[in-house]
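Try each task yourself before reading its solution.

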There are 2 protein chains.
Amino acid sequence: MPTTARLTLVLLSVFAVAAGAAPPAAAERRPYRSSQQILEASPASHWRMLDPDRTLYLELASGRVVIELAPQFAPEHVANITTLAREHFWDGTSIYRAQDNFVVQFGDADGEDPAKAKPLGTARTHLPAEFHRSAKGLDFQKIPDSDGWAPQVGFVDGFPAARDGAHGKAWLAHCYGTLGAGRNNADDSSIGAELYVTIGQSPRQLDDNITVVGRVVKGMELLSTIRRGPDPMGFYPDPALRTPIRSIRLASELPVAERTPLELLRTDSQTFRDVAESKRNRVDDFYKRPAGHIDLCNVPLPVRTPTAG
Amino acid sequence: MPTTARLTLVLLSVFAVAAGAAPPAAAERRPYRSSQQILEASPASHWRMLDPDRTLYLELASGRVVIELAPQFAPEHVANITTLAREHFWDGTSIYRAQDNFVVQFGDADGEDPAKAKPLGTARTHLPAEFHRSAKGLDFQKIPDSDGWAPQVGFVDGFPAARDGAHGKAWLAHCYGTLGAGRNNADDSSIGAELYVTIGQSPRQLDDNITVVGRVVKGMELLSTIRRGPDPMGFYPDPALRTPIRSIRLASELPVAERTPLELLRTDSQTFRDVAESKRNRVDDFYKRPAGHIDLCNVPLPVRTPTAG
């Protein structure tokens with residue numbers, strides 16, 4: 001990695017460097033722009049505000065983790081999670097598992113023990129598995145890059161996703177920051193009360209094997225730095241080592257002044273495609289060999305705080 | 001994610017489950033074994049001891065990080081790193097950068113400032129770039145899985161690697177835990193004094209763009225949980241937030257009693273291939289759809305403490 005001074009220089013450089021590797025196609029023969037330059041030049045219409053009705057705030061002593069839910073892929077789970085949040089189910093629960101290079105998991109650590117489990121209120125206690133959905137009606141923005149895990153990969157409404165055209169189905173991919181619903185062995189054993197977030201190399205083997213309900217859009221560093229549990233699978237022998245959860249709230253339940261305003265780059269925008277291309281084929285003073293490829297989980301999903309007014 | 005009790009059950013299960021997805025080829029038609037079962041049945045000859053002459057101990061207040069060096073790919077850098085370790089160059093330096101989902105970087109935070117930089121002792125101050133090497137003479141164990149970043153991927157002496165047969169070259173891949181030599185824009189601007197370890201989604205775009213010198217084999221959780229730097233690229237505005245490095249030593253310089261004995265599964269062993277296959281096509285009570293694929297950076301690289309005697 002370059003040192004501070006030099007890489008800052010690269011990031012701020014306004015001069016495009018002539019192409020390095022294979023000659024670009026005619027349509028692409030234009031000066032290289034860094035992601036930062038592309039984002040700075042992006043029109044406001046390429047961004048969207050987070051919908052407060054599908055945004056969760058996970059509140060820890062260290063700060064707030066902002067999560068976007070994906071009802072278009074897991075409507076039953078997201079509805080149940082919304083109920084659990086409204087009824088303050090998670091307040092006083094904990095992050096009770098942290099397995100390095102895999103997941104942090106949170107909810108009621110005693111949820112499996114009928115004698116100790118926290119009541120679920122009016123939430124449903126059984127849901128269908130929502131591992132995938134019909135690909136019909138989805139605005140799936142395919143990326144051109146090959147993927148070993150799925151026939152096609154791309155983005156839907158800001159979420160990394162995969163599609164199997166032959167079977168007409170689509171599902172959300174496990175990338176860094178993916179939020180999933182923990183389950184036992186039965187495919188329909190998750191209800192959204194127990195959740196996990198991926199914190200390492202993308203565990204794509206979980207794709208279409210578990211119900212994905214959303215992703216973290218801000219605050220990942222609060223989860224990724226949690227002390228790992230020393231027991232197998234990252235559990236803690238001592239409950240005092242767990243990370244307390246102060247609360248999980250739907251953003252729309254908080255007064256506007258207490259919300260975290262965030263804009264996300266629309267994954268159906270030209271700016272998004274340009275950013276992905278700027279990472280796929282880097283032409284700058286640092287990179288000597290553009291990769292000519294980007295993996296689904298390496299595509300950046302830019303988030304910003306909207307400017308006032 | 002399954003809860004404790006249930007997944008433990010899956011891991012310990014001694015009963016093989018009949019195949020789920022596509023029918024296996026005749027040669028593979030044998031009872032499924034979990035990775036744990038495969039490892040438990042492995043012969044001692046499929047394991048190797050870490051070579052203390054190419055092992056570094058990075059000592060932090062939180063514990064020891066064990067690193068295996070890769071002189072077969074970066075001989076000049078590894079020789080220089082060995083010199084720097086012998087001369088205690090890193091003692092009292094720090095981890096001065098932690099960027100979420102990317103890298104931690106360490107060494108002399110003032111290394112770029114000639115007025116403040118720590119003397120390099122007898123280490124060399126200029127080295128050639130060692131981004132890749134000739135593929136000739138390498139025992140490259142190719143995996144059958146497709147990869148978007150390189151024509152072929154696999155393992156060499158325990159390291160995830162890539163190969164380009166057309167150009168006769170090979171290089172080490174950036175997976176979780178890869179150790180690289182920080183550089184400035186010039187390809188030959190690294191000398192191994194400034195190092196980084198990848199702590200998130202594999203940044204394969206760095207492959208063959210920077211000199212990889214080794215990988216962490218134990219203690220990743222001490223690096224991955226370091227508080228992220230709030231400044232751009234994960235730097236800290238306040239030097240007090242950096243993580244002090246007590247020392248970096250070559251294992252062979254410590255008395256045997258102070259070393260961390262470790263065995264690594266040989267990546268040229270049948271056990272290793274069997275473990276990869278057990279992850280590529282999982283057949284157990286939890287997984288409903290075997291992936292039929294594994295990415296290079298998802299293949300486990302088992303490490304164990306040798307049993308006494």
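**Exercise 1.** Work out what percentage of the residues in chain A is buried, and describe the chain's make-up.

*Solution.* Step 1: of the 309 residues in chain A, 53% are buried; buried means under 20% relative accessible area, exposed over 50%, and partly exposed in between, with a 1.4 Å probe and protein chains only. Step 2: keep in mind that this is a predicted model, in which local features need pLDDT of at least 70 and side-chain atom pairs count only at pLDDT 80 or more, while totals for chains, interfaces and linings use all residues. Residues are numbered from 1 along each chain as its sequence is written, chains are lettered from A and ligands numbered from 1 in the order in which they are written, and side-chain values use heavy atoms, with hydrogens and water left out. Step 3: chain A has five helices and 17 strands, taken as DSSP runs (helices H or I, at least four residues; strands E, at least two) numbered from the N terminus. Step 4: of the chain A contacts between residues at least 6 apart in sequence, 71% join residues at least 24 apart; a contact means heavy atoms within 4.5 Å.

**Exercise 2.** Which residues of helix α5 in chain B are buried, and what covers them?

*Solution.* Step 1: within α5(B), residues 270-280, the buried ones are Thr271(B), Phe272(B), Asp274(B), Val275(B), Ala276(B), Ser278(B) and Arg280(B). Step 2: their cover includes α2 (35-40), β8 (152-156) and β16 (263-265) of chain B.

**Exercise 3.** How are chains A and B related, and where is Ser202(B)?

*Solution.* Step 1: chain A superposes on chain B by a rotation of 180 degrees with 0.0 Å of shift along its axis (RMSD 0.0 Å), fitted by least squares on the C-alpha atoms of residues with pLDDT of at least 70 in both. Step 2: the two copies are therefore related as by a two-fold rotation axis. Step 3: the same surface serves both copies, as 100% of the contact residues of chain A recur in chain B. Step 4: Ser202(B) is in the loop between β12 (195-198) and β13 (211-218) of chain B and is buried at 3% relative accessible area. Step 5: neighbours within four places in sequence aside, Ser202(B) contacts Gln201(A), Asn298(A), His174(B), Cys175(B) and Cys297(B).
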